[in-house]
Amino acid sequence: MKINPNYKTKQELIDLYNQPLLELVFQAATIHRQYHNPREVQMSSLISIKTGGCPEDCGYCPQAARYHTDVDAHKLMTVEDVVEQAKNAKANGSSRLCMGAAWREVRDNRDFDTVIEMVQAVNNMDMEVCCTLGMMNEDQAVRLKNAGLFAYNHNLDTSPEYYGDVISTREYEDRLKTIDNARKAGISVCSGGIIGMGEAVEDRIGMLMSYMNMETPPESIPINALVAVEGTPMEQQKPIEQWELIRMIATTRILFPQSIVRLSAGRTKLSMEAQAMCFMAGASSVFAGDKLLTTPNPEFNEDKEMFNILGLIPKEPFADGEKPVSQPDQIIEEKKRKEAEKELRREEARKGGFTPRKVTVS
Ligand code: SAM
Ligand code: DTB
Ligand code: SF4
C-alpha cells in the first residue's frame, strides 16, 4: 500500500490532521508497526558541499545570496574532504549521507564532474548516497544514477497555493519536473517540506496532496520545522508548536504507510519527549551530527544517549533498496583520455621529436 486509500478529499485529510492528538498518534503508530520495525531509526548525515551564494530567493534559506546572514559562501569541497567527513559520519552510526549544494540547478561543468566523483566514492563506502543540488534534467539524473546515487532530495516545501509566498525565482512545476527526472532515472525520491513558515494547516495538507497525486509517492518524506535564521525574511517567525510537528509526522505516516518519514530540521528546539512522540507517530530517521547544512543540530553523543534511553537501533544501509553499482562516468573517462593524449604530445615535443597530430591511447 503506497498510498492509504482511505483518505481522498482535502477535508478528509484536514479532519485526519485535526483529530484528538493521541488518537492520531495511536493510528499512526499502528500503521507504522505494520510496515516498519518501530525500533529502527536511520541516522543520516548532511554535508554542505557547496555553501551559500545561491541566486534563489527561498524565504527560509540562509544560503540565498540576497539575504544578509552569517553564512559565508564557499566553493565546492574536494572529494577527499567529503570522504573524510563521510568516514566520521559512518563511524558515528550514520548509514546515509546527503550532500547539499546551494545551487539553483545542476550545470554540466567541472563542479558537477566532481560531485559525480563524490557520489562514486561515498557509495563505495557502503553508505546510501543522497544529493540535493537543485533542479536537474534527465541526463544529469542518469549520470548521478550511474555514479551510484541512491536518492535525490528535492522538496516541494509547501502547497502549490502558498509556494509563491515563499519563493518567486522558480515554479512549483519546476520542482515536480526535477522529481520526475529523478524518478525516471531510477533514483529513489526524497521530497518533503517545512512547517512553521506562516502557512495554514490547509497548506501542509495541500503539500501532502501533491505527493498523493504522484504516480509513485516519494520513498522518503523529510518533515522540517523551520529554523528561523537571522537575516532571512522568516527570521521573525515564531517557533512551531511541537504538537504541530507531531501531527504533521503522524498524518504523513498514515497517508504514506511505506515511505520513510524523516524528523528533519528543528530538533535542537525539541525535547527528548517530543522526539519520542515523533518516533511513536512514525518518524524513522533523523539527521545526525552537530550541523545540518549551515545551522546547528544535536551532537552525535546526545543522539546516542537518546537512542539508548528510547531503545532505538540505528538502521543499516540499503534496508529499503539495493545498493547501486558505481559505474565509470563516460564524460569523466573521455576527459581523462583526452588529457592523457595531450600529455603524450607534450612529452614528444619535450623530447624534441616531431609532434604527431593525433595519438590514440587505448
Ligand atoms: N539548493 C537545493 C534546493 O533548494 O533544492 C538544495 C539545498 S536546500 C538548502 C534543501 C532544503 O533544505 C530546502 O528545500 C528546504 O526544504 C530545506 N531548508 C533550507 N533552509 C531551511 C530552514 N531554514 N529551515 C528548515 N528547512 C530548510
Ligand atoms: C531536508 O529536507 N532538510 C535538510 C536536507 N533535506 C537537505 C536540510 C535542512 C537545512 C536546514 C537549514 C540549514 O542548515 O541550512
Ligand atoms: Fe538556494 Fe536551495 Fe537555499 Fe533555495 S533552498 S536559496 S535553492 S540553497
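Ala, Val, Leu, Ile, Met, Phe, Trp, Tyr, Cys and Pro are counted here as nonpolar, Asp, Glu, Lys and Arg as charged, and the others, Gly among them, as polar. The structure is a predicted model, in which local features need pLDDT of at least 70 and side-chain atom pairs count only at pLDDT 80 or more, while totals for chains, interfaces and linings use all residues. Residues are numbered from 1 along each chain as its sequence is written, and chains are lettered from A and ligands numbered from 1 in the order in which they are written.

By these classes, the shell around ligand 2 holds eight nonpolar, nine polar and no charged residues. A residue is taken as near a molecule if its C-beta atom, placed from the backbone, lies within 6 Å of it. Of the 17 residues around ligand 2, Pro222, Leu292, Leu293, Thr294 and Thr295 come nearest. Strands E2 (96–101) and E7 (220–225) each supply at least two residues of this shell; strands (E, at least two residues) and helices (H or I, at least four) are DSSP runs, numbered from the N terminus.

Ligand 1 is surrounded by 18 residues, the closest being Thr132, Asn155, Asn224, Val227 and Ala265. Its shell divides into 10 nonpolar, seven polar and one charged. Around ligand 3 lie Cys54, Glu56, Cys58, Cys61, Gln63, Ala64, Ala102, Arg104 and Gly134, that is, five nonpolar, two polar and two charged residues.

Next come the helices. Two packed helices are described by the angle between their axes and the distance between the axes. The axes are lines fitted to C-alpha atoms, for helices over the stretch in contact, and angles run from 0 to 180 degrees between N-to-C directions. Helix H8 (residues 201–212) and helix H9 (residues 242–255) have axes that come within 11 Å and cross at roughly 20°. H8 and H9 are therefore roughly parallel to each other, a label given to angles under 35 degrees. Contributing to the contact are Arg204, Leu208 and Met212 of H8 and Met248, Thr251, Thr252 and Leu255 of H9, with C-beta atoms, placed from the backbone, within 7 Å counting as contact. These residues comprise four nonpolar, two polar and one charged.

H9 also packs with helix H10 (residues 272–280), at an angle of about 15° and with the axes 9 Å apart, which makes H9 roughly parallel to H10. Here the contact is made by Gln242, Leu245, Ile246 and Ile249 of H9 with Ala274, Met277 and Cys278 of H10. By class, this contact has six nonpolar, one polar and no charged residues.

Conventions
Parallel < 35°, antiparallel > 145°, perpendicular 65-115°, else oblique. Contact = placed C-beta atoms within 7 Å.
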